[in-house]
Amino acid sequence: MPYNTGHKNGKKEPSCYNCTVHAGFFTSWQNTRSTILDHVAAAREQYPDYKLVLVGHSLGGAVAALAGIEMQLRGWEPTVTTFGEPKVGNRAFADFLGKIFRLDENSAWRFRRVTHVYDPVPLLPLEEWGY
C-alpha cells in the first residue's frame with residue numbers, strides 16, 4: 001500500500017515518493033499508534049533527559065521500524081534496533097528510512113536491523129513482489 005509518513009504538525013513533512021509498505025505491517029502500527037504515541041509523549045514530558053529506544057523482533061521489528069520513522073519525524077531522535085525484521089517496504093521506502101536516520105553519514109547509527117543468515121523471515125516478502 002502507499003506509505004504516508006503519518007506526521008502532521010503544521011510544518012512541511014518529508015515526503016516518501018513512490019514508497020509502499022506491506023499492508024499488514026502498516027495496519028499493525030496503525031492499530032496501536034495513538035496509544036503508543038500518547039504514552040511515549042507523556043513519558044518524554046515527565047523524563048525529558050531519557051533516551052528513546054525501540055526494540056522489536058520479527059513483526060515487532062516491522063512495527064518498531066514504522067514507529068521509529070514517525071518518532072524520528074517528530075524530532076524525538078529514537079534509537080531503533082530490530083531482530084529478524086521482515087522487509088517492511090519497497091526500495092524507495094528503505095531509502096527514505098536511511099535518509100531520515102542519516103545512515104549514510106559516519107555518525108553513530110540509530111537504526112540497526114540485525115538478521116541471521118539462516119533466518120528466512122528477513123527475506124520476506126519476496127523481492128519479486130517489490131520489497
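Glu-77 is partly exposed, with 37% relative accessible area. The scale runs from buried (under 20%) through partly exposed to exposed (over 50%), with a 1.4 Å probe and protein chains only. The model is predicted: local features need a pLDDT of at least 70 and side-chain atom pairs a pLDDT of 80 or more, while totals for chains, interfaces and linings use all residues. Numbering starts from 1 along each chain as its sequence is written, and side-chain values use heavy atoms, without hydrogens or water.

**Backbone exceptions**

Most residues other than glycine have a negative phi, and most peptide bonds are trans. Glu-77 has a positive phi near 50 degrees and is not a glycine. It sits in the loop between helix 2 and strand 2 (79–83).

Arg-102 is another non-glycine residue with a positive phi, near 50 degrees.

Where is the peptide bond cis? The bond from Leu-124 to Pro-125 is cis, with omega near -15 degrees. Pro-125 belongs to the segment after strand 3.

**Helix 2**

Helix 2 covers residues 59–73, which makes 15 residues. From first C-alpha to last it reaches 22 Å, close to the expected 21 Å. The expected span is 1.5 Å times one less than the number of residues. Of its 15 residues, 13 are buried, so the helix is mostly covered.

Met-71 lies in helix 2 and is buried, at 1% relative accessible area. Which residues does Met-71 touch beyond four places in sequence? Its contacts there are Ile-36, Leu-37, Val-40, Leu-52, Leu-54, Trp-76, Glu-77 and Pro-78. Contact means heavy atoms within 4.5 Å. Leu-37 is 34 residues from Met-71 in sequence, yet the two C-alpha atoms are 8.2 Å apart. Glu-77, with its positive phi, is thus also a contact of Met-71.

**The core**

The largest nonpolar core has 29 residues. Such a core is a set of buried Ala, Val, Leu, Ile, Met, Phe, Trp, Tyr and Cys residues joined through side-chain atoms within 4.5 Å. Tyr-3, Leu-66, Ile-69, Met-71, Phe-93 and Phe-96 have the most contacts inside this core. Helix 1 (23–46), helix 2 and helix 3 each give two or more residues to it. Helix 2 gives the most, nine residues.

Leu-66 has contacts beyond four places in sequence with Tyr-3, Val-21, Phe-25, Phe-26, Trp-29, Val-88 and Phe-93. In helix 3, the residues Phe-93, Phe-96, Leu-97, Gly-98 and Ile-100 are buried. The buried residues of helix 3 pack against helix 2 and strand 3.

**Aromatic pairs**

How many aromatic pairs are there? The structure holds two. Rings of Phe, Tyr and Trp (its six-membered ring) pair when their centres lie within 6.5 Å; planes under 30 degrees apart are stacked, over 60 edge-to-face, and the rest tilted. Tyr-47 and Tyr-50 are stacked, with 4.8 Å between centres and 25 degrees between planes. The rings of Phe-101 and Phe-111 lie 5.3 Å apart at 55 degrees, so this pair is tilted. Phe-101 is in the loop between helix 3 (91–100) and strand 3 (111–114), and Phe-111 is in strand 3, so the pair ties together parts 10 residues apart in sequence. Both Phe-101 and Phe-111 are buried.

Accessibility values for selected residues follow.

| Residue | Relative accessible area | Class |
|---|---|---|
| Tyr-47 | 37% | partly exposed |
| Tyr-50 | 60% | exposed |
| Met-71 | 1% | buried |
| Arg-102 | 31% | partly exposed |

The largest pocket has a volume of about 470 Å³. A pocket is an open set of points on a 1 Å grid where a 1.4 Å probe fits, with protein on both sides within 12 Å along at least five of seven lines; lining residues have an atom within 4 Å of a point. The lining has 20 residues, and the closest to the pocket centre are Lys-87, Gly-89, Arg-91, Ala-94 and Arg-113. Helix 3 and strand 3 are the elements that give two or more residues to this lining. The largest share, five residues, comes from helix 3.

Definitions and conventions
Helix = DSSP H or I, 4+ residues; strand = E, 2+ residues; numbered from the N terminus. Points joined across faces, edges and corners; volume = space filled by probe spheres on them.
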